[in-house]
Amino acid sequence: MNLIRLILKELVGMFIDDGSLATLALLLIVAITAAVKLLALPPLAGGVLLLAGCLVILLYSVRRATRRSGQ
């Protein structure tokens, strides 16, 4: 039973390692989707904003992880 619990914990950890990263990505997707659907933002512009936003969120997450590790 402990082995199964450990395996499940590791699997979840692979996908949800940083809670703020997942939350910010989800909020970005919701915001861009709303802008495309409700504000008539062109889909190509939405895609560019989504790419840029994901890169910014990733850089933010990497900087936070670096600071936490003390490097």
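Tutor: A crossing is left-handed if the near helix is turned anticlockwise from the far one by less than a right angle, and right-handed if clockwise. Helices (H or I, at least four residues) and strands (E, at least two) are DSSP runs, numbered from the N terminus. This is a predicted model: local features need pLDDT of at least 70, side-chain atom pairs count only at pLDDT 80 or more, while totals for chains, interfaces and linings use all residues. Residues are numbered from 1 along each chain as its sequence is written, and side-chain values use heavy atoms, with hydrogens and water left out.

Student: How many helices and strands does the protein have?

Tutor: Three helices and zero strands. Read from the N terminus, the order is α-α-α.

Student: What is the radius of gyration of the protein?

Tutor: The radius is taken over C-alpha atoms, and the globule rule is 2.2 Å times the number of residues to the power 0.38. For 71 residues, a compact globule would come out near 11 Å, but this protein has 16 Å. Along the principal axes, its C-alpha atoms fill a box of roughly 50 × 35 × 15 Å.

Student: What share of the residues is buried?

Tutor: Buried means under 20% relative accessible area, exposed over 50%, and partly exposed in between (1.4 Å probe, protein chains only). Here, buried residues are 11% of the 71.

Student: At what angle do H2 and H3 pack?

Tutor: Two packed helices are described by the angle between their axes and the distance between the axes. Axes are lines fitted to C-alpha atoms, for helices over the stretch in contact, and angles run from 0 to 180 degrees between N-to-C directions. Helix H2 (residues 19–38) meets H3 at about 165°, with the axes 10 Å apart. That makes the pair roughly antiparallel; the cut-offs are under 35 degrees for roughly parallel, over 145 for roughly antiparallel, 65 to 115 for roughly perpendicular, and oblique for the rest. The crossing of H2 past H3 is right-handed. Among the residues that make the contact are Leu21, Ile32 and Val36 of H2, and Gly46, Ile57 and Ser61 of H3.

Student: Is Gly46 buried or exposed?

Tutor: Gly46 is buried, at 4% relative accessibility. Its place is in helix H3. Contact means heavy atoms within 4.5 Å. Leaving out residues up to four places away in sequence, Gly46 touches Ile32, Val36 and Leu41.

Student: What about Gly47?

Tutor: Gly47 also lies in H3. Gly47 counts as partly exposed, because its relative accessibility is 37%. Its C-alpha atom is separated by 10 Å from that of Ile29, 18 residues apart along the chain.

Student: Which residues does Ser61 touch?

Tutor: Asp18 and Leu21, again not counting residues up to four places away in sequence. Ser61 lies in helix H3 (residues 43–69). Its relative accessible area is 10%, so Ser61 is buried.

Student: Where is Ala40, and what is its phi?

Tutor: Most residues other than glycine have a negative phi. Ala40 has a positive value, near 60°. It lies in the loop between H2 and H3. With a relative accessible area of 64%, Ala40 is exposed.

Student: How far apart in space are Leu39 and Asn2?

Tutor: They are 50 Å apart, C-alpha to C-alpha, and 37 residues apart in sequence. Leu39 is found in the loop between H2 and H3. Leu39 is exposed, at a relative accessible area of 66%.
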